[in-house]
Amino acid sequence: MRPENILALTLAGICCKRGSFHIDPTRPVERALITHAHSDHARAGHGAVLATQETLDLMRLRYGENFAGSTQAVRYGEALALDGVTVTFHPAGHVLGSAQIAVEADGLRIVASGDYKNVADPTCAPFALVRCDVFITEATFALPVFRHGDPGGEIAKLLHSLAVFPERAHLVGAYSLGKAQRLIALLRQSGYTNPIYLHGAMESITRYYESRGIALGALRAVRGADKAELAGTITICPPSALNEPWARRFPDPVNAFASGWMRVRARARQQGVALPLVISDHADWDGLTATVAATGANEIWVTHGQEDALVHWCGTRGLKACPLDIAGYGEEEDNGEATE
Amino acid sequence: MNRFAELLDRLAYEPARNNKLRLMTDYLRSTADPERGWALAALTGSLSFQHAKPGLIRQLIAERTDPVLFELSYDYLGDLSETVALMWPAQHSPLPSEGRSASRDGGKPGEGGHDGEVGNPSPDLADARSTSPSVVDVQELTLTSVVETLTTLGKAQLPQQLARWLDSLDETGRWALIKLVTGGLRVGVSARLAKTAVAALGTADAQEVELLWPGLVPPYVNLFAWLEGRAGRPTNADPAPFRPPMLAHALDDSDLATLDPADFLAEWKWDGIRVQAVAAARDGRQIARLYSRTGEDISASFPDLIDALHLPGAIDGELLIRRAGRVQPFNVLQQRLNRKTVTPKLLSEFPAHLRAYDLLADGDQDLRGLAFAERRPRLEDFVARLGEERVDLSPLVAFANWQDLAAARADPTAAGAGADAPAVEGLMLKRRETQYLPGRPKGPWWKWKRNPLIIDAVLMYAQRGHGKRSSYYSDYTFGVWAQGDSGDELVPVGKAYFGFTDEELVQIDRYVRRNTTERFGPVREVVHKPDQGLVLEVAFEGLQHSTRHKSGLAMRFPRINRLRWDKPPAEADRLERLQSMIAQIERGLAT
């Protein structure tokens, strides 16, 4: 049995012909299994959607009630038989509800991991390692220059800036699904108890996180707050809002941006970021390579990002590896959610 | 080292001067001696040790990483120090960190490996990775020990020492260390700004620190003690100190009516750099220094001029370039500035010259208490005694009334400046009876600049500003019409980011957003057609040929003078007009 007979690449993305489904398809299909609710992986308009309850809820929040023909929620670890193929979802540690999808047939197991990170995150279930024959991995930060370090240190940087500039508003750009809530949770973990202000685009998703039992402390909408009130406060907003007229309501704002990309100085400077915070929801180089090795897979398929470096690394470890070219992944982060 | 690295990191991203000051003052206040003193020395460029070459850094990383991964990474980042700082394999053993998700048991795969080399991966990856950097090592390595070691280290031991340090630091620490050892921090902080920051620890101002500076040595323990009120003011034992300069106010034409011409002497205002040239003898040795207007010691860049300062005294004058008996305009001087090394070629092609305005000290005698009319003959006598071709007098401009002076301002060539006229920036009026007063007192000295040059140009591109302006399109590239391959087209001739009011900024910003034709990253192309676009009246101080710009010329000090909402772009100026302006400037005529 060759793995290509179980999963293969089509125009719409990764497809299991035998089970009649796609994983994170980039165009509408009959049956879609969705790893997580970020817009580059979870699109509206599929016939049937199978995902975790959280992913389904988040898709509904973003796309409205009719985002799919029908939906089915699946729990982590629950085995589903789809036309002779067994499918299980396992925590990916990326954002709330995110999953790796294990596909098994004829004694061969392929894990499509979606986006993942193997570090602690107070806002989602921790990454679970699934041993497999073929591991499909992302490669967003697959260069050895990407080491994300301790997010606690980055939070300390933000709080120190707040102490040095108590009269300035601190605007933190963060992707509205996942990063924003993790940032708030990290601030709470570090003992910051003041109200945290939210851009309108953050509100509904953040409230949803709270409804799933994730405590985020006092939150307030920026809307309606006056300029003086915002001095010395922290506001979380989509990255694109940092340089928009929206930001003019804040007193002399300090622009911060929480992202793995902030490791690259030129990226921060181009975006006018004065306080880059290296906090990522993707595995860094060490995380990717450690995970790839730990799965025990002897064949690695590498999707979106810096495939070359990871494929090369696999080669040096005697692992068979090839890039899987899927157009459209990684765009949610690159465009900074300008549309939200 | 870690805290210093964080400071550099933050400074490198912070665009606003006042915020840079706050960050430095905060660091200096909360860091102990001697660490903060060495940091101040690094920020003011006062450290002296042999710097490491980029080749050495490259060699160190090559020994430790996969060459393919290095090339992919270097290609991605485009910056060697940054690539090395980020890619350097972490050597630390993972430490359990407090307050993080209850680390269960946990082998630590992914940690301690080179480039993600994996030991024995535990299946429980999620909690297994300690993300804390090597706290113990980082705390142990201080900037103080780095500087002290570098000062005494032999060249042969440098690679190994450097590698050991890089092993013990985190990404930001490694980046800062590489900047430090290769020389040149380049975080957008001048020595003057760092001195202003340290002054803010007490009630001193930057000028006082500047005055003491030549007598201080790192790590400046006595300076900090004085600023924090724990000790008296350090004495500046420097025999060739900087003296705070006297500055002038700009003259409006309307001011003239209130002034009596008989009270004033006039001289040319030369378009160079205001400097103070100080010479003294100590222990039988000759000392000479050249200071910038802000008190920075720039002697090292002008050894040719330093050699000419052999008479004890202090001259206030203008630094210029003089070739074949003729003073060159500012753009020529510019080519001699900010050079890291002064080559013989540079010295012969751009010979430095001092044109003397005033004498502050003659031997041991302080002349600042004398009236200008009394100092002037002393200056004439001093320059004559010095007898150096490189140092000459700035001549007085004769006048009986303000009409005479206005005529001289309009045509310096005919009024005595002769062939040097292209380097005349305007006139200085100095009250005969006034002493040399530090700072900018209103009344005794006036500067009467030549009128700025003005053109109408068309807005072509706009870029967002920084800091408070970060959401506004506030940097404007403008162009004038020129004959192109297919008829008239606009060619960019300059860039301006000030001169407009806050209200005008809002108007232009709105215009840019509504009339964008294309986007290039942070830059927007704005509509610029003969019948559609925004005309900007641009004022500037000078114009010169330039090979760097498509238009073949470059403006000095351009700013937005007025918004011409009323004017169609087709009526904006043409390149030919700018070219004829250059020709006139070169003849020394006002335009």
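Reader: How many residues of chain A are in contact with residues of chain B, and how many does chain B contribute?

Author: In this predicted model, 59 residues of chain A touch 51 residues of chain B.

Reader: How many salt bridges are counted between chain A and chain B?

Author: The count is six salt bridges between chain A and chain B. One side-chain pair that crosses between the chains is A:R263 with B:E171, a salt bridge of 3.5 Å from N to O.

Reader: Which domains does the assignment give for chain A?

Author: The domain assignment divides chain A into domain 1 (3-145 + 282-334) and domain 2 (151-277).

Reader: What contact and what buried area are found between domain 1 and domain 2 of chain A?

Author: On the side of domain 1 of chain A, 21 residues take part, and they meet 18 residues of domain 2 of chain A. Between them, the two domains bury about 1700 Å², with 65% coming from carbon and sulfur atoms. Three salt bridges are counted between these domains. A salt bridge joins the side chains of A:R212 and A:D57, at 3.9 Å from N to O. The cut-off for a salt bridge is 4 Å.

Reader: Where does A:F257 lie, and is A:F257 buried or exposed?

Author: A:F257 belongs to strand β16 of chain A, residues 254-258. The residue counts as buried because its relative accessibility is 4%, and the cut-off for buried is under 20%.

Reader: Which residues is A:F257 in contact with, leaving aside its neighbours within four places in sequence?

Author: With those neighbours left aside, the contacts of A:F257 include A:G173, A:Y175, A:P239, A:L242 and A:M262. Also among them are A:Q271, A:V273 and A:L275.

Reader: Which domains are assigned in chain B?

Author: Chain B is assigned domain 1 (2-96 + 103-182), domain 2 (249-449) and domain 3 (453-586). Over C-alpha atoms, 35 Å separate the centres of domain 2 and domain 3 of chain B. Their contact involves seven residues from domain 2 of chain B and five residues from domain 3 of chain B.

Reader: What area is buried between domain 2 and domain 3 of chain B, and which residues of domain 2 lose the most area?

Author: The buried area is about 450 Å², of which 37% is given by carbon and sulfur atoms. On the side of domain 2 of chain B, the residues that lose the most area to domain 3 are B:F330, B:N331 and B:P422, together 59% of what that side buries. One salt bridge is counted between these two domains. B:R556 also forms a salt bridge with B:D271, with the closest N and O atoms 2.6 Å apart.

Reader: Which residues make the nonpolar surface patch of about 320 Å²?

Author: The patch is made by B:Y497, B:F498 and B:F557. B:Y497 sits in the loop between β14 (487-496) and α21 (502-514) of chain B. B:Y497 counts as partly exposed because its relative accessibility is 47%.

Key. Residues numbered from 1 in each chain as written. Chains lettered and ligands numbered in written order. Predicted model: local features only at pLDDT ≥ 70, side-chain atom pairs only at ≥ 80, totals over all residues. Heavy atoms only, no water. Patch = residues over 30% accessible without salt bridge, like charges linked within 9 Å, V, L, I, M, F, W, Y side chains within 5 Å. Areas by Shrake-Rupley, 256 points an atom, 1.4 Å probe, with all protein chains shown as cover. Helix = DSSP H or I, 4+ residues; strand = E, 2+ residues; numbered from the N terminus. Buried < 20%, exposed > 50% of the residue type's maximum accessible area, 1.4 Å probe, protein only. Domains from an automatic or database assignment. Contact = heavy atoms within 4.5 Å. Buried area = accessible area lost by both parts, 1.4 Å probe.
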